[in-house]
Amino acid sequence: MATCEQVMSVLNTIVPFACVAARDNSGLIVGEPSLNVDTVLMAVDLTEAVIEEAVNLNCGMIVTHHHIMGKGVKRITPDTFEGRAVRRLTQNNIAFVVCHNNLDFLTHGTADTLMRAAGAAESRALYEGYAFLATTPAEVNAASIPVPKGEGIDPDLEAGFGRVGKLAVPCTLIELIKRLEGTVTGPVNVVGADDRRIRSVAVQVGAGERSDLDQAKRMGADLLISGDVRHDNRLYAAEIGICLLDFCHYEVELPGILSLMSRLKQGLDRGGYEVQVKLSQAEAPVRHMVMPDRINMESFGL
């Protein structure tokens, strides 16, 4: 067993909580540092199903990638999800911790995990500094995202908004898609010919925008891996001649949580803490189905 504070300390050596944009809502969101934790449940999103799973498993902590209350929640009442969530967590002495920007920015996080799976072991930041996440003068003027120093924090840990790098072994687009099998699941929208040669890859997880395509192109990438890309931006990728793999949001960020889960287990073991780390099995609110890939022309009278 460990306290919430001790688990947070281990997490801080892996994905330092100071490595976030000012507007981000990462860290300990609900709970007290003194809470006892013998099981950590990890998920991409906090949902009521995840909370119920944590209650049933007697978990002392939930760690997710996405935060809640990031849009200025003013009330904690039973008629809102945030209100019900906070009440259920506190009633059951469950701490809620978020690793959002820090998991996106840092080595072995959401973007870097996909870069490595694609075959680019070494990469650099896609953007200089915080780019359009900047909200303070310091962030606007930052040439890079600083990584805090401290006991247990890897001195070689790097941070960046998005990643870009050359593949150790160039391949075709279809070969790269196969490389990602087992790392990313679910539907993917593909822009580019199967035999297009890929030498350099960029990753910007989450909601890919036209600016990400432009920046990837400027940085010499042949392919951008992203998620939740609007249809007109997929067409734009074809216009400017860059390949695109557009996954669903949950699926493109789950690998980062799995990477964090593995490193958290190792860190807790090194610290001598007998704490289990489990991946949530709760059904996600959004599920994906594959429709038939042929139109029934007769249904249109054609």
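**View 1. Valine 40 and its bridge partner in strand 13.** In strand 13, valine 277 is the bridge partner of valine 40. Strand 4 (residues 39-43) and strand 13 run parallel and are joined by four bridges; two strands count as paired if DSSP finds at least two bridges between them. Helices (H or I, at least four residues) and strands (E, at least two) are DSSP runs, numbered from the N terminus. This is a predicted model, in which local features need pLDDT of at least 70 and side-chain atom pairs count only at pLDDT 80 or more, while totals for chains, interfaces and linings use all residues. Residues are numbered from 1 along each chain as its sequence is written, and side-chain values use heavy atoms, with hydrogens and water left out.

View 2. Angles run from 0 to 180 degrees between N-to-C directions, and axes are lines fitted to C-alpha atoms, for helices over the stretch in contact.

**View 3. Helix 1 against helix 10.** Helix 1 (residues 4-14) packs on helix 10 (residues 249-270) at an angle of about 120°, and their axes are 10 Å apart. The two helices are therefore oblique to each other (under 35 degrees is roughly parallel, over 145 roughly antiparallel, 65 to 115 roughly perpendicular, and the rest oblique). Val7, Val10, Leu11 and Ile14 in helix 1 meet Leu260, Arg263, Leu264, Gly267 and Leu268 in helix 10, where contact means heavy atoms within 4.5 Å. Seven residues of this contact are nonpolar, one is polar and one is charged; Ala, Val, Leu, Ile, Met, Phe, Trp, Tyr, Cys and Pro count as nonpolar, Asp, Glu, Lys and Arg as charged, and the others, Gly among them, as polar.

View 4. Strand 11 pairs with strand 10 (residues 197-207) in the parallel sense over four bridges. Glycine 227 in strand 11 stands opposite alanine 207.

View 5. Seven of the nine residues of helix 5 (residues 110-118) are buried, so the helix is largely enclosed by the rest of the structure. Among the buried residues are Asp112, Leu114 and Met115. Their cover includes strand 8 (161-172), helix 7 (173-179) and helix 10.

Conventions:
Buried < 20%, exposed > 50% of the residue type's maximum accessible area, 1.4 Å probe, protein only.
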